[in-house]
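Colleague: Hey, could you walk me through this one? I'm new to it.

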Amino acid sequence: TVSQRNYEFHKKFFALIRLAFHNLPENLEPYFPTQEDLREELIKAAGFYTTHKNFNGDTVKRAESISFDKMSAERFEKLYNKVLDLVCRMIGVPQSKVMDQLMNFM
């Protein structure tokens with residue numbers, strides 16, 4: 001059986017994205033004008049994407065949907081952990097400190 005997704009954990013994921021967005025290094029700010037842009041790129045960087053071809057024949061990555069009906073609880077937890085690791089490396093802060101700060105963004 002697939003376990004039920006946890007709404008609070010879903011909110012924690014978005015808090016992680018907000019924290020990352022508000023602590024982006026200056027050199028990355030131009031690449032992510034919105035939190036949504038950052039969220040999408042983090043999901044793809046974590047390896048959770050599908051591919052398709054555009055009109056030019058180039059392969060394009062599309063972030064997987066994290067909606068409750070599209071992603072299992074187990075897969076979402078894997079995504080969260082990979083994104084957490086990416087965020088820690090991106091902003092140069094240890095995981096324990098990021099976890100403490102997450103409460104301020106929830």
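This is a predicted model: local features need pLDDT of at least 70, side-chain atom pairs count only at pLDDT 80 or more; totals for chains, interfaces and linings use all residues.

Colleague: How many residues are between β1 and β2 in the hairpin?

Modeller: There are 5 residues between them, and glycine 57 in that turn has a positive phi of about 85°.

Colleague: Switching to helices. At what angle do the axes of α2 and α3 cross?

Modeller: Roughly 110°, with the axes of α2 (residues 35-45) and α3 (residues 73-91) coming within 9 Å. Angles of 65 to 115 degrees count as roughly perpendicular, so α2 is roughly perpendicular to α3.

Colleague: And which residues meet there?

Modeller: From α2, Leu38, Leu42, Ile43 and Ala45; from α3, Leu79, Val83, Leu86, Val87 and Met90. The contact divides into 9 nonpolar residues, no polar and no charged.

Colleague: New topic: histidine 10. Buried or exposed?

Modeller: Buried, because its relative accessible area is 13% and the cut-off for buried is under 20%. Histidine 10 sits in helix α1, residues 7-22.

Colleague: What is histidine 10 in contact with, leaving aside neighbours within four places in sequence?

Modeller: Arg5, Ile66, Phe68 and Phe76. With arginine 5, the side chain of histidine 10 makes a polar contact of 2.8 Å.

Methods:
Residues are numbered from 1 along each chain as its sequence is written. Side-chain values use heavy atoms; hydrogens and water are left out. Axes are lines fitted to C-alpha atoms, for helices over the stretch in contact, and angles run from 0 to 180 degrees between N-to-C directions. Helices (H or I, at least four residues) and strands (E, at least two) are DSSP runs, numbered from the N terminus. Angles under 35 degrees count as roughly parallel, over 145 as roughly antiparallel, 65 to 115 as roughly perpendicular and the rest as oblique. Contact means heavy atoms within 4.5 Å. Ala, Val, Leu, Ile, Met, Phe, Trp, Tyr, Cys and Pro count as nonpolar, Asp, Glu, Lys and Arg as charged, and the others, Gly among them, as polar. Two strands pair if DSSP finds at least two bridges between them. Buried means under 20% relative accessible area, exposed over 50%, partly exposed in between (1.4 Å probe, protein chains only). A polar contact is a pair of N or O atoms within 3.5 Å; within protein, one must be able to donate a hydrogen and the other to accept it, and residues adjacent in sequence count only if both atoms are side-chain atoms.
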